[in-house]
Amino acid sequence: MNKQKFTDKFLIAFMILAVFKIIGIAAQLFHESFWSVVGTLAIFLVVAFIIMMVITALKDKEQNRKNSGKRGSGGGNFYLEASLFDRIRSKYEELAEKYIAEKDYKKAAKVYMNLLQDNFRGAKTLEQGGFYNEAAAVYLKKLNNKSEAASCYEKAKQYKKAIDLYKEMQHKEKVGDLYRELNDIKNAHTYYQMVADDYTVNNQMVKASLIYSKKMEQPEEAQKILLKGWEEDKDAFNCLNNYFANVFDVRKLETEIQKLYQKTPSYKKVIYLEAMKHEFKKDQQLQTVTRSIAYEIIAEKVGTRSEIINELKYFNPDDSVILKDISRFKTGRNKMLRN
């Protein structure tokens, strides 16, 4: 097939496409508004004009090559076809960008979806223009992307539609959030409880506590789950640290520090010591009790863990003497080991 025949066949195919497009537009008259149909027709006419320009330019280019005596290789037809469609695609891209610059997001989306066969960019363009329901429909029907669709419904404040999708995807916390937006506290707490239970089963006690305290506004339950994590060695340090962080009254916190220490088994006292370093810095009123507990733990453990002596400096930051004592202790300890 020579280049002229290819171009002629392309024009015939294009005319057939035009006929079908016009028939489709006529059919739309029964379902869409007058201006919507006019808009679709306008896009089509612009595209037709672009294609004709590209075809004419390519034909002129090929004619010039013939006149200059240049001979193409056997792949000339392929070159013409590839160049033609590349140029058409480029023009579509320019057209879509033009519509976006003019804030005509629906027309830009039609170019992406109908002409460039890019439904994702079409949906994103609708979303960019604030047409969230339309974007959600594209995500669902053409891309089967429930996550993006749910996000669009949420932006459109179509919370019930978003909830249905989030339920399908098992996004329980998000379901709870949207029920709370609807002021349906009962259902919100039902789903938040599911999330907290999932975290607890997976030994993620701190995350479970945050659901109770931040989402369900149940600080007592949050403390219970943190205490459970500390006692059952499920992320023990972080549970203890967060437990203390949730006690805002200094006197009550001092009491809690003493009470929990009395129940702490020996193997967990080094962890407790690490927590005391944080509490010591928190408030001057806590320094006496935390320092006392630290000294007890260090004295108990120094026989088997000599390096623990270094922890004294955290509870005596301004005492230069304690540093000398630590140094002397380490020197003496080393001499004993050598002998």
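This is a predicted model: local features need pLDDT of at least 70, side-chain atom pairs count only at pLDDT 80 or more; totals for chains, interfaces and linings use all residues.
1. Overall make-up. The chain contains 17 helices and zero strands. Of its 339 residues, 35% count as buried. The chain exposes about 20,500 Å², and carbon and sulfur atoms supply 54% of that area.

2. Contacts along the chain. Take the contacts in the chain with a separation of 6 or more: residues 24 or more positions apart account for 44% of them.

3. Glu127. This residue belongs to helix 5, which covers residues 119-128. Is Glu127 buried or exposed? Its relative accessibility is 9%, so Glu127 counts as buried, the cut-off for buried being under 20%. Leaving aside neighbours within four places in sequence, Glu127 is in contact with Tyr132, Ala135, Tyr139, Glu148, Cys152 and Lys155.

4. Aromatic pairs. A search of the whole structure finds seven aromatic pairs. One of them joins Phe120 and Tyr139 in an edge-to-face arrangement, with 6.2 Å centre to centre and 65° between the planes. Phe120 lies in helix 5 and Tyr139 in helix 6 (residues 132-141), so this pair ties together parts that are 19 residues apart in sequence. The two partners can also be described by their accessibility. Phe120 has a relative accessible area of 38% and is partly exposed, whereas Tyr139 is buried at 0%. Tyr139 is also among the contacts of Glu127.

5. Tyr243 and Phe244 form an aromatic pair that is edge-to-face. Their rings are 6.1 Å apart, centre to centre, and the angle between the planes is 65°. Both Tyr243 and Phe244 are buried. Which residues make up the aromatic cluster that includes these two? Trp230, Tyr243, Phe244, Tyr261 and Tyr272 form one cluster.

6. Lysines over rings. Trp230, a member of that cluster, has Lys268 over its face, at 3.9 Å from the ring centre. A further case involves Tyr314: the charged end of Lys277 sits over the ring of Tyr314, 4.0 Å from its centre.

7. Ile185. This residue is placed in helix 10, which covers residues 185-201. Ile185 has a relative accessible area of 38%, so it is partly exposed; the class lies between buried, under 20%, and exposed, over 50%. Ile185 and Met216 are 31 residues apart along the chain, and their C-alpha atoms are separated by 8.9 Å.

Methods: Residues are numbered from 1 along each chain as its sequence is written. Side-chain values use heavy atoms; hydrogens and water are left out. Helices (H or I, at least four residues) and strands (E, at least two) are DSSP runs, numbered from the N terminus. Buried means under 20% relative accessible area, exposed over 50%, partly exposed in between (1.4 Å probe, protein chains only). Contact means heavy atoms within 4.5 Å. Accessible areas come from the Shrake-Rupley method with a 1.4 Å probe; for residues, only the protein chains shown count as cover. Rings of Phe, Tyr and Trp (its six-membered ring) pair if their centres lie within 6.5 Å; planes under 30 degrees apart count as stacked, over 60 as edge-to-face and the rest as tilted. A charge sits over a ring if NZ of Lys or CZ of Arg is within 6 Å of the ring centre and within 35 degrees of the ring normal.
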